[in-house]
Amino acid sequence: MQVAMDITTKYCHKEMESYGQCVAAHPSTWQQHCQDLKMKVAQCTSSHPVIQKIRTDCSKEFAEFERCLLENQNSPTSCSAHVARFLGCAETVDLAGVAVNPVPQPS
């Protein structure tokens, strides 16, 4: 989960910041008040070209990490080697030609 958060924060910082501020401002009702911002974070993570490229190029490593988490729900730390392999793959993804800061699409 932390891996996904790190990648999301790196490439969808503005959306994450707005969502975090909303959650902090509405501690007991954030689920209702911040739903639209949560959807903007989800949209960014599913449509950002860098994240799409990492998902494509590292799909095997990510699938192995997810499988490990499912098999070790009571001990997610036992998947640290899987996380390391996924992060290692993500760091080697060739981003040449990928729009790192794409123009946001209207929502």
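Here are some worked exercises on the disulfides and a helix pair of this predicted model.

**Exercise 1. Find how many disulfides the model has, and how the cysteines pair.**

Step 1. Start with the cut-off: a pair of cysteine sulfur atoms within 2.5 Å counts as a disulfide. By this rule the count comes to 4 disulfides.

Step 2. Now number the bonded cysteines of the chain in sequence order. The pairing then reads 1-4, 2-3, 5-8, 6-7.

**Exercise 2. Describe the disulfide of Cys-12 and Cys-44: where does each cysteine sit, and which hand does the bond have?**

Step 1. Check the bond itself. The S to S distance between Cys-12 and Cys-44 is 2.0 Å, within the 2.5 Å cut-off.

Step 2. Read the torsion. About the S-S bond of Cys-12 and Cys-44 it is about -90°, so this disulfide is left-handed.

Step 3. Cys-12 belongs to the loop between helix H1 (2-11) and helix H2 (13-25), while Cys-44 is in helix H4.

Step 4. Look at accessibility, where under 20% relative accessible area means buried. Cys-12 has 0%, so Cys-12 is buried. Cys-44 has 10%, so Cys-44 is buried.

Step 5. For contrast, pick out Lys-40, which is also found in helix H4 (residues 35-47). Its relative accessible area is 38%, which makes Lys-40 partly exposed. The C-alpha atoms of Lys-40 and Cys-12 are separated by 9.4 Å, although these residues are 28 residues apart along the chain.

**Exercise 3. Work out which parts of the chain the disulfide of Cys-22 and Cys-34 ties together.**

Step 1. The sulfur atoms of Cys-22 and Cys-34 are 2.0 Å apart, and the two residues form a disulfide.

Step 2. Cys-22 lies in helix H2 and Cys-34 in the loop between helix H3 (30-33) and H4, so the link ties together parts that are 12 residues apart in sequence.

Step 3. The angle about the S-S bond of Cys-22 and Cys-34 is -95°, and the link is left-handed. Both Cys-22 and Cys-34 are buried.

**Exercise 4. Decide how helices H6 and H7 are oriented, and which residues make their contact.**

Step 1. Two packed helices are described by the angle between their axes and the distance between the axes. For H6 (residues 59-71) and H7 (residues 80-92), the axes come within 9 Å and cross at roughly 160°.

Step 2. Angles over 145 degrees count as roughly antiparallel, so H6 is roughly antiparallel to H7. In passing H7, H6 makes a left-handed crossing.

Step 3. List the residues in contact. H6 supplies Glu-61, Phe-62, Glu-64, Phe-65 and Cys-68, and H7 supplies His-82, Val-83, Arg-85, Phe-86 and Cys-89.

Definitions and conventions. Residues numbered from 1 in each chain as written. Predicted model: local features only at pLDDT ≥ 70, side-chain atom pairs only at ≥ 80, totals over all residues. Heavy atoms only, no water. Axes fitted to C-alpha atoms, helices over the stretch in contact; angles between N-to-C directions. Helix = DSSP H or I, 4+ residues; strand = E, 2+ residues; numbered from the N terminus. Parallel < 35°, antiparallel > 145°, perpendicular 65-115°, else oblique. Left-handed = near helix turned anticlockwise from the far one by under 90°. Contact = heavy atoms within 4.5 Å. Buried < 20%, exposed > 50% of the residue type's maximum accessible area, 1.4 Å probe, protein only.
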